[in-house]
Amino acid sequence: MAKKALIVKGGWDGHEPNEVGALFADILTNEGFEVEVSDTLDSFNDAEALKALNLIVPVWTMGEIKGEQCSAVLAAVASGVGIAGCHGGMCDSFRTNTEWQFLTGSQWVAHPFNDGVDYEVNIVKSGSSPIVEGMQDFMVKSEQYYLHVDPAVNVLATTTFVMSEGEHSANGVITMPVVYTKKWGQGKVFYNALGHHADVFDIPEAKELMRRGFLWAAK
């Protein structure tokens, strides 16, 4: 029986939810998933339907989620359903909802240099995860996300914020998680901070991280 994935896309158009949602649907379909793509948060209304899924993929930036919708997602993941996503589509989704942030493991707070930054993503070589097995460091030209991060996450890739103008530089050079996993009850959580625009996933390593993350998280 095919595994079932739900992609819920929407929110701020600047993160190209339609394009990213379609790309993720293609990845999952190619892996044999039965994929439903929704453009409404009402897809989170039915807690029992969510528990019948194998994977939830949020692609929704800067929205407002109802308390009962968030609770349904939390309960589904706690029961074993995986959740996986990227960039603002998962960790800048609902800025006023701390329960969502607790589930997903981080919250975007800044991208000090805005878009078009050349930076390196460094794979954590000691990371004992199939998500990064055999992968090498790679370069990205995009936003560099500054996150507030749950200390419980298992960091699989990082990036370095160099000294620059701005008050944050008073803290010196900062190493920031880019890719991580965590657990929520019986469920698995995967996050990749890349993905400001869909074309970031033209980088083979960035796309491969998402593919492996989906497969790892899915129930």
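**Entry 1. Ground rules**

I worked with a predicted model, in which local features need pLDDT of at least 70 and side-chain atom pairs count only at pLDDT 80 or more, while totals for chains, interfaces and linings use all residues. Residues are numbered from 1 along each chain as its sequence is written, and side-chain values use heavy atoms, with hydrogens and water left out.

**Entry 2. The sheet**

I looked up the strand order first. Nine strands form an open sheet in the order β2-β1-β3-β4-β11-β10-β9-β6-β7, with mixed pairing. Strands here are DSSP runs of E with at least two residues, helices are runs of H or I with at least four, and both are numbered from the N terminus. Two strands pair if DSSP finds at least two bridges between them. β2 (34-38) and β7 stand at the edges with a single partner strand each, so one side of each has no neighbour in the sheet. From one strand to the next, the twist averages 20°.

I then checked two pairings. Strand β1 (residues 4-11) pairs with β2 in the parallel sense over five bridges, and I7 has V37 as its bridge partner in β2. β3 and β4 are also parallel, over two bridges; there L55 has G82 of β4 as its bridge partner.

**Entry 3. Strand β4**

I asked how β4 is covered. Five of its five residues are buried, where buried means under 20% relative accessible area, exposed over 50% and partly exposed in between (1.4 Å probe, protein chains only). G82, A84 and C86 point one way from β4, and I83 and G85 point the other way. In a regular strand the side chains alternate between the two faces of the sheet.

**Entry 4. Helix α1**

I found that α1 has 14 residues and reaches 20 Å from its first C-alpha to its last, close to the 20 Å expected at 1.5 Å a residue. The expected span is 1.5 Å times one less than the number of residues. α1 lies across β1, β2, β3 and β4 and runs at about 170° to β1. For such angles, axes are lines fitted to C-alpha atoms (for helices over the stretch in contact), and the angles run from 0 to 180 degrees between N-to-C directions. The buried residues of α1 are P17, V20, G21, L23, F24, A25, I27 and L28. They pack against β1, β2, β3, β4 and α6, contact meaning heavy atoms within 4.5 Å. G32 follows α1 and has a positive phi near 90°.

**Entry 5. Core residues**

I looked for the largest nonpolar core, which has 75 residues; F24 and L55 have the most contacts inside it. Such a core is a set of buried Ala, Val, Leu, Ile, Met, Phe, Trp, Tyr and Cys residues joined through side-chain atoms within 4.5 Å. Beyond its neighbours within four places in sequence, F24 is in contact with I7, V57, V59, C86, F201, M210 and F214.

**Entry 6. Helix α6**

I turned to α6 (residues 204-217), whose buried residues are A206, L209, M210, G213, F214, W216 and A217. Seen down the axis of α6, these residues fall within an arc of 165°, so they line one face of the helix. The arc is that of the directions from the helix axis to the C-beta atoms. Their packing partners are α1 (17-30), β3 (55-61), β4 (82-86), β7 (138-142), β10 (174-184) and β11 (187-192).

**Entry 7. Helix α3**

I noted that α3 (residues 67-78) has 12 residues. Among its buried residues are C70, V73 and V77. The buried residues of α3 pack against elements including α2 (47-51) and α5 (98-104). G80, with a positive phi near 130°, follows α3.

**Entry 8. Single residues**

Which residues does H197 touch? Not counting residues up to four places away in sequence, H197 touches G14, E16 and D115. H197 lies in the loop between β11 and α6 and counts as partly exposed at 23% relative accessibility. H197 and P17 are 180 residues apart in sequence and 8.7 Å apart in space, C-alpha to C-alpha.

I also looked up S142 in strand β7. S142 is buried, with a relative accessible area of 3%.

M62 has a phi of about 55° and lies in the loop between β3 and α3. H87, with phi near 45°, lies in helix α4 (residues 87-91) and is buried at a relative accessible area of 1%.
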